[in-house]
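User: Hello! I am new to this structure and would like to learn how to read its features step by step. Could you guide me?

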Amino acid sequence: MSMNLTAVPLGFYLVLSAVLFTIGVLGVLTRRNAIVVFMCIELMLNSVNLTLVAFSAFSGTIVGQILVFFVMAVAAAEAAVGLAIIIALFRNKQTVNIDEINIMKW
Amino acid sequence: MSFEIIFFFFIAVLSVGSALFMITRLNPMKSVLFLIVNFFCLAILYLTLGAQFIAIIEILVYAGAIMVLFLFVIMLLNLGDESRLVEKKSYKRLLALPAALILLIEIIIGLRIPAEPLTLPPIAAQMGSVEYIGKALYTEYVFPFEVTSLLLLSAIVGVIVLAKKRSG
C-alpha cells in the first residue's frame with residue numbers, strides 16, 4: 001500500500017477543515033436544541049483532528065496522530081458528561097431548548 | 001487533475017454537504033445520521049493521509065460509541081422536531097460576519113501554501129499503523145496516556161452522579 005501524499009496539497013486539507021469548523025460554529029450559533037449544539041461541537045473537534053492528521057502526515061512525524069488520540073479521549077468524556085447534563089436538565093425543565101434554559105443567568 | 005485530487009474533492013464535497021445537512025435538519029435524529037456520514041468521510045480522509053489507526057478509531061469510537069450515545073439520549077428524551085429556526089436574538093447574526101471573515105482568511109492562507117514535493121522516509125507509509133502509534137503511546141507518551149485514564153474515570157463518576165435520580 002503506497003500512498004501518494006504529494007497528490008493532494010496540504011492546503012486542501014486545511015481549507016476543508018476550516019470549512020467544517022465554520023459549519024460547526026454556525027450550528028452552535030443558530031441551533032436551539034442542546035443535543036444538536038453538542039453534535040456541532042463534535043464536528044468542530046473532528047475538523048481540528050483533520051488538521052492535526054494532515055500536519056502529521058506532511059511533516060513525517062507521529063505527534064499529530066498521538067494528539068488526535070487524546071482529543072478523541074477528551075471528546076468521549078465530554079460527550080458523556082454533556083449528555084448527562086442534558087438529561088439532568090430535561091428532568092428538571094422538560095426541555096432542551098437552550099433559549100429556555102437560563103438558570104445560570106441572573 | 002490526478003485521481004487523488006478528484007477523489008479528495010468527492011469526499012470533501014460529501015463531508016461538507018453532510019455537515020450542512022446536519023445543521024439544517026430540524027429532526028435531531030436526521031442530524032445524527034448526517035453527522036455519522038461526515039465521520040465516515042473524515043475516516044476515509046485519514047486513510048488517504050496514511051493514518052490507519054486514527055481512521056479505525058474514528059469509526060469505532062466516534063461513529064460507533066459516541067453517536068450511539070447521542071442516538072440513545074435523543075430516543076430516551078423522545079424529542080419532537082425543533083421549531084423553525086427563527087432567531088429571536090439578532091446579535092447572534094452579527095457573529096456570522098467575523099466567522100465568515102476568519103474562514104475567508106483561512107482559505108486564502110491555506111491555498112497559498114505551496115504544494116512542495118514531499119520526500120517522506122519509507123517509514124512514513126506505516127507511520128499511522130497500530131504498531132507505531134502503540135509504541136509511541138506506551139513509551140514516550142505514557143504519562144499523558146495514564147492521565148487520560150484518570151480523565152475517563154472522573155468522567156464516569158461525574159456522569160453517574162449527574163444522571164442519577166435524586167433519592168430525596
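User: How much area do chain B and chain A bury between them?

Analyst: Good place to start, and please keep in mind that this is a predicted model. The size of an interface is often given as the accessible area lost when the parts come together. Here, chain B and chain A bury about 7,000 Å² between them, and 78% of that lies on carbon and sulfur atoms.

User: Which helices supply the side of chain B that touches chain A?

Analyst: At least two residues of that side come from each of α1, α2, α3, α4 (91-112), α5 and α6 (142-163) of chain B. The largest share, 14 residues, belongs to α3(B). Sorted by class, this side of chain B has 60 nonpolar, 12 polar and 12 charged residues.

User: How many residues are in contact between the two chains, and how many salt bridges are counted?

Analyst: Contacts link 84 residues of chain B with 70 residues of chain A. The count of salt bridges between chain B and chain A is zero. Polar contacts are a separate count: across this interface the rule finds six residue pairs, both residues at pLDDT 80 or more.

User: Now the inside. Which residues have the most contacts inside the largest nonpolar core?

Analyst: They are Y13(A), I35(A), M67(B) and F70(B), in a core of 76 residues. Both chains take part: α1 (10-30), α2 (34-59) and α3 (63-93) of chain A, along with α1 (3-24), α2 (28-48), α3 (52-77) and α5 (130-138) of chain B, each supply at least two of its residues.

User: What is Y13(A) in contact with, leaving aside its neighbours within four places in sequence?

Analyst: In chain A, Y13(A) contacts V8(A), L50(A), A54(A) and F58(A). From chain B, the partners of Y13(A) are F8(B), L45(B), T48(B) and L49(B).

User: Loops next. Is A51(B) buried or exposed?

Analyst: A51(B), found in the loop between α2 and α3 of chain B, has a relative accessible area of 0%, so A51(B) is buried. Leaving aside neighbours within four places in sequence, A51(B) is in contact with V53(A), Q65(A), Y46(B) and G128(B). Sequence distance and spatial distance can be read side by side: A51(B) and Q126(B) are 75 residues apart in sequence and 8.3 Å apart in space, C-alpha to C-alpha.

User: And where is L79(B)?

Analyst: L79(B) sits in the loop between α3 and α4 of chain B. Not counting residues up to four places away in sequence, L79(B) touches N33(A), I35(A), F90(A), V96(A) and I74(B). One of these partners, I35(A), was named above for its contacts inside the core.

Conventions
Residues are numbered from 1 along each chain as its sequence is written. Chains are lettered from A and ligands numbered from 1 in the order in which they are written. This is a predicted model: local features need pLDDT of at least 70, side-chain atom pairs count only at pLDDT 80 or more; totals for chains, interfaces and linings use all residues. Side-chain values use heavy atoms; hydrogens and water are left out. A nonpolar core is a set of buried Ala, Val, Leu, Ile, Met, Phe, Trp, Tyr and Cys residues joined through side-chain atoms within 4.5 Å. Buried means under 20% relative accessible area, exposed over 50%, partly exposed in between (1.4 Å probe, protein chains only). Helices (H or I, at least four residues) and strands (E, at least two) are DSSP runs, numbered from the N terminus. Contact means heavy atoms within 4.5 Å. Buried area is the accessible area (1.4 Å probe) that two parts lose on being put together, summed over both. A salt bridge is a side-chain nitrogen of Lys or Arg within 4 Å of a carboxyl oxygen of Asp or Glu. A polar contact is a pair of N or O atoms within 3.5 Å; within protein, one must be able to donate a hydrogen and the other to accept it, and residues adjacent in sequence count only if both atoms are side-chain atoms. Ala, Val, Leu, Ile, Met, Phe, Trp, Tyr, Cys and Pro count as nonpolar, Asp, Glu, Lys and Arg as charged, and the others, Gly among them, as polar.
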